[in-house]
Amino acid sequence: MEVLTTGPRDQRRCHVLDIPVDACRDVAAAAIGLHAERGGQIVTLNAEMTMLARRNIDLGAVIRAADLVVPDGAGVVWALARQGVRVKRSPGIELAWSLLNYAEAHGWRVALVGASPEVMDRLCDRLAQQSPELQLVFAEHGYQDASAWPELETRLRRLSPDLVLVALGVPLQEIWIQRMRVQLPGLWMGVGGSFDVWSGLKQRAPGWTSRLQLEWLYRLLQDPSRWRRYLALPHFAWSVLCRGKRHR
């Protein structure tokens with residue numbers, strides 16, 4: 001088992017296939033503690049991202065530099081358990097929603113970036129109804145012309161929000177966040193398809209699929225074009241098993 005340190009946020013940095021991931025008793029508390037330390041980047045790690053980070057040097061570097069790497073996927077939790085590290089799976093969509101609720105209750109300034117124009121419009125309408133006290137200071141969809149991004153980024157930096165949730169897809173959202181948050185406070189987190197679910201345009205996988213570790217199959221049936229991405233899952237499992245054999 002590889003564990004580096006236990007920090008003030010009850011956070012132990014471990015590794016799965018040489019990609020870092022943090023073991024925390026309470027990831028939401030760790031994230032809020034990070035905000036109190038002037039913020040940082042949160043990454044939600046699953047098996048697919050782990051395999052991509054091993055091939056993509058830029059993504060791997062971002063994850064290694066991230067302030068909090070959450071075990072989002074069941075595969076990562078399983079791989080940690082094989083090292084003797086017992087953690088609960090912490091879905092990024094749930095952590096992000098918890099942070100939005102905390103932001104509303106504590107007056108944090110929130111920014112949302114990404115997804116399609118329709119998704120962002122619907123999400124903003126829903127948040128206005130469901131979270132009327134939320135201080136949403138910035139909301140821009142991700143389908144911007146290249147020429148629009150510099151001005152958008154300048155506005156976001158000037159606002160210096162407490163919480164920035166970014167739905168630009170992996171690895172773009174992680175790489176963009178690392179570049180944007182230099183010398184800025186606040187929590188910055190990539191949330192993938194969470195905006196689509198929160199807007200009501202997509203359904204999250206039922207709870208039973210999570211208990212049976214079949215959320216990937218539900219998402220594949222919803223969007224069969226994703227099939228190539230899921231080829232990483234058996235490769236991930238095989239790599240973890242082979243790594244374990246070598247270390248015996």
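Predicted model: local features only at pLDDT ≥ 70, side-chain atom pairs only at ≥ 80, totals over all residues.
Modeller: Residues are numbered from 1 along each chain as its sequence is written, and side-chain values use heavy atoms, with hydrogens and water left out.

Biologist: How many helices and strands does the protein chain have?

Modeller: Helices (H or I, at least four residues) and strands (E, at least two) are DSSP runs, numbered from the N terminus. On that basis the chain has twelve helices and eight strands.

Biologist: What share of the residues in the protein chain is buried?

Modeller: Buried means under 20% relative accessible area, computed with a 1.4 Å probe on protein chains only. Of the 248 residues in the protein chain, the buried share is 46%.

Biologist: Is G60 buried or exposed?

Modeller: G60 is placed in helix α3. The C-alpha atoms of G60 and I175 are 115 residues apart along the chain and separated by 9.8 Å. Because its relative accessible area is 1%, G60 is buried.

Biologist: At what angle do the axes of α3 and α8 cross, and are these helices oblique or perpendicular to each other?

Modeller: Axes are lines fitted to C-alpha atoms, for helices over the stretch in contact, and angles run from 0 to 180 degrees between N-to-C directions. The axes of α3 (residues 57-65) and α8 (residues 172-180) come within 9 Å and cross at roughly 55°. Angles under 35 degrees count as roughly parallel, over 145 as roughly antiparallel, 65 to 115 as roughly perpendicular and the rest as oblique. The two helices are therefore oblique.

Biologist: Which residues in α8 meet α3?

Modeller: Contact means heavy atoms within 4.5 Å. From α3, the residues taking part are D58, L59, A61, V62 and A65. Their partners in α8 are E174, I175 and Q178.

Biologist: Which residues in α3 meet α2?

Modeller: Helix α2 (residues 47-55) packs on α3 at an angle of about 115°, with the axes 5 Å apart. On the α2 side, M49, L52, A53 and R55 take part. The residues they meet in α3 are I57, L59, G60 and I63.

Biologist: What is the handedness of the crossing of α2 and α3?

Modeller: A crossing is left-handed if the near helix is turned anticlockwise from the far one by less than a right angle, and right-handed if clockwise. By this convention α3 passes α8 in a left-handed crossing. The crossing of α2 and α3 is left-handed.

Definitions and conventions
Buried < 20%, exposed > 50% of the residue type's maximum accessible area, 1.4 Å probe, protein only.
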